[in-house]
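Let's work through a few exercises together. Keep the sequence and the 3D view open, and try each task before reading its solution.

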Amino acid sequence: MREAEADAGGGADSGDGQGGHSCPGGADTAAAPASGAPPPHAPGPGRDAASAARGPGMRPHIFTLSVPFPTPLEAEIAHGSLGPDAEPHQRVVGKELTVSGRILAIRWKAEDCRLLRISVINFLDQLSLVVRTMQRFGPPVSR
């Protein structure tokens, strides 16, 4: 089982925090180059020290979620309700919402896995409220 997890990029939490990355283990954490070369960009406007320390070999964490709704109209309503909420950590966590038919798709891209987890958890709380509200008031009336 561990071999399959390692091949799939998952696995146990190693806790080594290699490469100066704040999230240990997993496929997204690669060691910094042994050359000791400085990162290509220094911290400045739009970049924080953590992203600069990430180094050129580190990849951002990406998480996607697809939420099916009974109708395309309900997916659009959910998108309209959830879309305006700004991401609190916009510099290190990006979130995109799109609708395709009756599917609401959400894509996160983050440099820090802890902030990614917080963003996903907050979004799921908001999504739960939207879904319960739509269930409580019944199916939407077409415009």
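**Exercise 1.** Is Thr64 buried or exposed?

*Solution.* This is a predicted model, in which local features need pLDDT of at least 70 and side-chain atom pairs count only at pLDDT 80 or more, while totals for chains, interfaces and linings use all residues. Residues are numbered from 1 along each chain as its sequence is written, and side-chain values use heavy atoms, with hydrogens and water left out.

Step 1: recall the cut-offs: buried is under 20% relative accessible area, exposed is over 50%, and partly exposed is in between (1.4 Å probe, protein chains only).
Step 2: the relative accessible area of Thr64 is 53%, so Thr64 is exposed.

**Exercise 2.** Find where Thr64 sits and what it touches.

*Solution.* Step 1: Thr64 belongs to strand β1. Strands (E, at least two residues) and helices (H or I, at least four) are DSSP runs, numbered from the N terminus.
Step 1: leaving out residues up to four places away in sequence, Thr64 touches Ile106 and Arg107; contact means heavy atoms within 4.5 Å.
Step 2: Thr64 and Ile106 are 42 residues apart in sequence, yet their C-alpha atoms are 5.6 Å apart in space.

**Exercise 3.** In what order do the strands lie in the sheet?

*Solution.* Step 1: the order is β1-β3-β2, in an open sheet of three strands with antiparallel pairing. Two strands pair if DSSP finds at least two bridges between them.
Step 1: look at one pair: β1 and β3 are joined by eight bridges, and Ile62 has Lys109 in β3 as its bridge partner.

**Exercise 4.** Check the length of helix α4 and find what covers its buried residues.

*Solution.* Step 1: the expected span is 1.5 Å times one less than the number of residues.
Step 1: for the 25 residues of α4 (residues 113-137) this gives 36 Å, and the end C-alpha atoms are 36 Å apart, so the two values agree.
Step 2: the buried residues of α4 include Leu116, Phe123 and Leu127.
Step 3: among the elements that cover the buried residues of α4 are β1 (61-68), α3 (72-82), β2 (93-100) and β3 (103-110).
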